[in-house]
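Thanks for making time this morning. Please have a look at the model on the screen before I go through a few of its details.

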Amino acid sequence: MSISTKFTIEKYESGYLYGWFYDESNPVGQSKFEVEVNKRVIATGIADIFRRDLLEAGFGDGINAFKVFIESGLIGFGELNVRLRDMDGGFSQGNTFKINRPAPEFDITFVRQDPVHLHFTMNSTKKQGHFRFELSEKGKQSYYQNIEIRPGSYPVIIAAPISLMDGNEHLISINLEGNSDSLWHGAVNFKPLITPLEHVQNAPKFSRLMSNNAQASFRYASLNYQLAQQLDTDEIKNISTAHSVLVESWHNRKKYPQLTIPKHTTPVVSIIIPAHNKFELTYHCIASIILAFDNTPYEVILADDLSTDTTKEADSIIKNLKLVSTDENLMFLRNCNQAAKFATGKYLLFLNNDTEVTSHWLEELISVAEDESVGLVGSKLLNEDGSLQEAGGIIWDNCNPWNVGHSDNPNRPEYSYVRSVDYVSGASLCIKKTVWEEVQGFSEYLAPAYFEDVDIAFKVRQAGYKTLYVPHSEVFHFEGMTHGRDITQGVKKNQVINATKFAKKWASAVKHNGKESLENLQLSKDRDVEKRVLVFDYTMPVPSRDAGSYAAIQEIKLMQSLGFKVTFAADNLAHLGESTIELQRMGVEVLYAPFYMSIEQILTRRIHEMDAVYITRYYVAEKVINRVKELKPTIPVLFNNADLHFLRELRTALQGTKDEAGVEQALQTMQHELDICKKADAVLCYSAAEKTVITSHILETQKIHITPWVLTPKLSMKSVKEREGIAFLGGFGHTPNVESVKYLADEVMPLLQQKRPEIILYVYGSKMPEELKQLESDNMKMIGFAESLDDVYQNHRVFVAPLLSGAGIKGKVLEAMAYNVPCVLTDIAAEGTGLTHAVSCYIANSPEEWVTRISDLYDDEVTWHKFAENEQILVNEKYSFKNGQKHFAEIFESVGIYTD
């Protein structure tokens, strides 16, 4: 492999990197390149500046110099090794420029935005004095604010400049005046008008006001979801009416247009809305249920507690409403118990009438509640202004209840993952009907109202079920609209009375719940946690994308099964939408920007609460491990190499003609990788071959472990005769997979076409480059990204993996085993899987062998079934979750962490 690109990095100053980059294959004009810091790409640049010295030195036309801005939040702290490479990720010849960035003495944490301010928490260790914050957009300073910095942690409020108050999104940065390092950067959107809700009933006539409240974006999303469905004219009119009702608000409502609740013959959820008068609130609440998009079949039961207003006629205004009326004023608790008797759903959902629900609120609750260990779940509650009202509840050891996160930013990572809690609010509380009956509903001793939601959570836990907070079920709660806020009069006075009753009953159950304090909140909000582990990886795992992501998810599940609370941070700190949410649904706390702007911030704020750190990939560990040991020297660090990078690079460099530059690169990687192995307290790898290689270099056998891989057996839906063709799967961001497909196209498929032209190869994988797409032929179909693994493994007769380089265990091969699809593999592809030639697979290492093995296995049903059965034995014995759990427990025990 010849190297056509060269560079020199000359200096780093005020956030800019200076130097030159020359591409011999493109000597005239501009050249693009990537900037990598500690082997992680953090920016791209263009060499587009003319320098006479470069022209005179023979570097093309001399347009080779560059000045590239490097976002400080992306590069971290400590010793940083900066290099350039070409846009294809290829090696470039040049210097390694070193930057030493000491950790800052202070930082700021984004908390929330109100209509005219940005709220932060200042965290300072040493720095103090009077300074000025500088707020800038696109590098241009627009606002300054004086600030006094002192040691400690305390709130800081920055006023929004008028220039930002235009209703548009602005990407801003905040730093100290004269310092290019950004303290925080993120997107903000300040409204041009601040109008109280009760004054916008006519918002449809004034479009700028329609988005003037926190509910607007949720309503708009619901409209989009609904109108994307195949709706008839009446359904569209109903959705439109519901939306108008919400926009107009409940304030001073006198007219009630007809609404229709969707009719479901077998509802899964019975939504029970207890009400005594205030029909305007109830009507608003039901309109939100109709507008919110959700795939869960439901019924709505309005529990009318002897109302004297329009509530008693609600079923004539709202079609398909189940109106249950009482003959006497039962008050809240007994009214709920009475209404539950009329429910036909598998789940009972108690919903306050002073609420507004959002799309997918039921789906999120039920997806969590379906677990047989779960009895009770509750929504994230939002205040009218969009701030957080409650993210689950805590009962301290003195029996005082706290709403977790009250008035904070609801999007903070700390409030965005499913977790076990002491209780969830009765404003949106969902319980299995069988569990409701088992614990005999809300406790009569708390009648007429208050603390019944806390009490039932304790009864559910006592019965052996979990109570979980579900953050992606979001419900606005207009608190105090039903019973007011004065605890000295009316029904509200029972809040104080029932606090004493509850304490008498449950004091022994809360005696270990922690002392009431803000300092204890971060740890105490998580219940049923034995240990805490901080996990770092290079990006958010996406199982459909690559085997490494699948492995990361399984390892997180193994840690959770041992009682760990898992906190995860990707190297780029990006929130990747649904991929991030999937982790949060699993109960993983995911840290992301703008709430955490650097690895340094994560470590300084959170390392003190952790029992272990788990890092995947050496180039991530290089940025983390030294700082971890500085901040908390005794904490064990477990390092998972993902695959042995230098071994993979070396195998690639030694293919065919020896690639000297590639060998040099592999040897450099080896030094970095082995250095991390020496520093870590435990080293995890996926194959015995890698374990042997690492052991031969660091000579510490006791701390090197083989990482368990978990497979879930898949039912084979099709017989051999129903399957057609052979398949390959691989993410094409990984070089060995590209090599494999080229090998098949150049060496194997032409021979196979001569012998068996009817056998077609189907190539699946994400990020398929154009050069591979061009390989399509009569017997090669380039499919690309696979929406489902079933398409790969259920439809085809044989799986092939002609890997010529690479290291570690091959997830694509393990998945084939889980699906019982027989394989033809190279030695490298079979490495670490447990598969054996002629027993559970065929091994082929030459084109002729490949053609023979594919043909034989394609036709021989006896051998096909033998391989499939032996794969299944391996999956059950070596790759079961129970086996993985056992081995993971042993790995943690090796560093002194023991779990039940």
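This is a predicted model: local features need pLDDT of at least 70, side-chain atom pairs count only at pLDDT 80 or more; totals for chains, interfaces and linings use all residues.

Residues are numbered from 1 along each chain as its sequence is written, and side-chain values use heavy atoms, with hydrogens and water left out.

Helix 5 covers residues 279-291, helices being DSSP runs of H or I with at least four residues, and strands runs of E with at least two, numbered from the N terminus. Its 13 residues should span 18 Å at 1.5 Å a residue, which agrees with end C-alpha atoms 18 Å apart; the expected span is 1.5 Å times one less than the number of residues. Because 12 of the 13 residues are buried, helix 5 is largely enclosed by the rest of the structure, where buried means under 20% relative accessible area with a 1.4 Å probe, protein chains only.

Asp304, in strand 19 (residues 298-304), is buried yet has no salt bridge, and the nearest side chain of opposite charge, Lys312, is 8.0 Å away. A salt bridge would require a side-chain nitrogen of Lys or Arg within 4 Å of a carboxyl oxygen of Asp or Glu, with Lys and Arg counted as positive, Asp and Glu as negative, and His and the chain ends not counted.

Finally, the largest nonpolar core has 88 residues, and Phe133 and Phe536 have the most contacts inside it; such a core joins buried Ala, Val, Leu, Ile, Met, Phe, Trp, Tyr and Cys residues through side-chain atoms within 4.5 Å. Helix 16 (residues 618-631) gives the largest share of this core, seven residues.

Definitions and conventions: Buried means under 20% relative accessible area, exposed over 50%, partly exposed in between (1.4 Å probe, protein chains only).
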